[in-house]
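Open the model in your viewer and keep the selection panel at hand. This tour goes from one selection to the next.

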Amino acid sequence: MIHPLTLTLDDQLLRDRNISVCIYRGDLEYADAPGNKWHKLRFNLAAAKAQGAKHLISFGGPFSNHLHALANTAQQEGMIPVAIVRGELQPQLTPTLRDFVAAGGILWPSKRVDYRAGMESDFVSSLKGYYPDAFWVPEGGSNSLGVKGCYYWANAIKQQADEIGSFDTWLVSAGTGATSAGFLANDNVPNMLVFPALKGGEALLSDIHSLALQQNPDSHLQRLSIVGEYHHGGYARLPSELKDYIEQLHQLNPHLRLDPVYTAKLVYGVEQEIRKGKLTNQKLLLIHTGGLQGWRGYQ
Ligand SMILES: Cc1ncc(COP(=O)(O)O)c(C=O)c1O
């Protein structure tokens, strides 16, 4: 579903600058793995099943949207989800990890140093001994199968977008960049602006390009720009400015909720760019990539 998005900006200013803003509601799709989650997981799940894997293992923080979706979908496919969780587990599990366990999942806390080493850590080598039959999915579902899922997701979005008119630019939030890479690889997608949720997100450009090239060797970076200044301090930060903005936007669009880590920074960033005089004469399509379960980390 695509609908117009009311920003906190004056409508007249948007008309004067010939800007229109719509949002694609990925958050309303696939309740168990909303937004980009299903798309990054679907081909991983298929590959795991084809391999006869009993366990599906991945990495994430204690509030990870990715782990949440992985647990739900692995369970549906008859596999046992296993999470390598960044940092120590607290005696009171987070709601995300409680859901993970409720889906029949197994948690392995990982020291930050091991977590950073990812698949290269001794910790992972020893876990491979426990789970010889497992299928491993990288953090955030960011592998070529995840990118492939987002490539196909872009076709579905494009089809709906074309029913409304032609959009000049798609705008999307980024963590690992896999979603943006799938979009970039798809020639049906017009220009893209990518808003990283983390500091230093400009560095994602080369990651996005190399992931996109695996899906489509003709992927061209010219169609993509990174807008790196709206990370608001990184993943776990919710400064009052952003919190207030989320509330204001909800009042203007009562049917819409943004998540605090990704999509709120995207919409906020788009408004700021427009205030700066950018994005004139454009029809903009913002992509809601879900993540609403992440709110439970802020209550
Ligand atoms: C809700 C939400 N939006 C956007 C992203 C960023 O996606 P990617 O890591 O593919 O850049 C994520 C992370 O997966 C997410 O959970």
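Is the crossing of helix 3 and helix 4 left-handed or right-handed? It is left-handed. Bear in mind throughout that this is a predicted model.

**Stop 1: helix 3 and helix 4**

Select residues 95–102 for helix 4, and residues 65–76 for helix 3. The two helices pack at an angle of about 15°, and their axes lie 9 Å apart. Angles under 35 degrees count as roughly parallel, so helix 3 and helix 4 are roughly parallel to each other. Now show side chains. From helix 3, pick Leu-67, His-68, Leu-70, Ala-71 and Gln-75. From helix 4, pick Thr-96, Asp-99, Phe-100 and Ala-102. Colour this contact by class: five residues are nonpolar, three polar and one charged.

**Stop 2: helix 7 against helix 8**

Move on to residues 144–164, helix 7, and residues 178–185, helix 8. Their axes are 7 Å apart, at an angle of about 60°. That angle makes helix 7 oblique to helix 8. The crossing here is right-handed. On the helix 7 side, select Val-147, Cys-150, Tyr-151, Trp-153, Ala-154 and Ile-157. Facing them from helix 8 are Ala-178, Thr-179, Ala-181, Gly-182, Phe-183 and Ala-185. The class count for this contact is 10 nonpolar, two polar and no charged residues.

**Stop 3: helix 7 against helix 9**

Ser-144, Val-147, Lys-148 and Tyr-151 of helix 7 meet Leu-211, Gln-214 and Gln-215 of helix 9. By class, the contact holds three nonpolar, three polar and one charged residues. Val-147 and Tyr-151 also belong to the contact with helix 8.

**Stop 4: the largest pocket**

Finish with a surface view. The largest pocket holds about 1,100 Å³ of space. Which residues lie nearest its centre? Select Gly-61, Arg-86, Glu-139, Tyr-235 and Tyr-262. They are part of a lining of 45 residues. Next, bring up the elements that give two or more residues to this lining: helix 2 (37–50), strand 3 (55–60), helix 3, helix 5 (112–117), strand 7 (169–174) and helix 8. Colour the lining by class to end: 16 residues are nonpolar, 21 polar and eight charged.

Terms used: Residues are numbered from 1 along each chain as its sequence is written. This is a predicted model: local features need pLDDT of at least 70, side-chain atom pairs count only at pLDDT 80 or more; totals for chains, interfaces and linings use all residues. Side-chain values use heavy atoms; hydrogens and water are left out. Axes are lines fitted to C-alpha atoms, for helices over the stretch in contact, and angles run from 0 to 180 degrees between N-to-C directions. Helices (H or I, at least four residues) and strands (E, at least two) are DSSP runs, numbered from the N terminus. Angles under 35 degrees count as roughly parallel, over 145 as roughly antiparallel, 65 to 115 as roughly perpendicular and the rest as oblique. A crossing is left-handed if the near helix is turned anticlockwise from the far one by less than a right angle, and right-handed if clockwise. Contact means heavy atoms within 4.5 Å. Ala, Val, Leu, Ile, Met, Phe, Trp, Tyr, Cys and Pro count as nonpolar, Asp, Glu, Lys and Arg as charged, and the others, Gly among them, as polar. On a 1 Å grid over the protein atoms alone, a cavity is a set of points where a 1.4 Å probe fits but cannot get out, and a pocket is an open set with protein on both sides within 12 Å along at least five of seven lines; lining residues have an atom within 4 Å of a point. Grid points are joined across faces, edges and corners, and a volume is the space filled by probe spheres set on the points.
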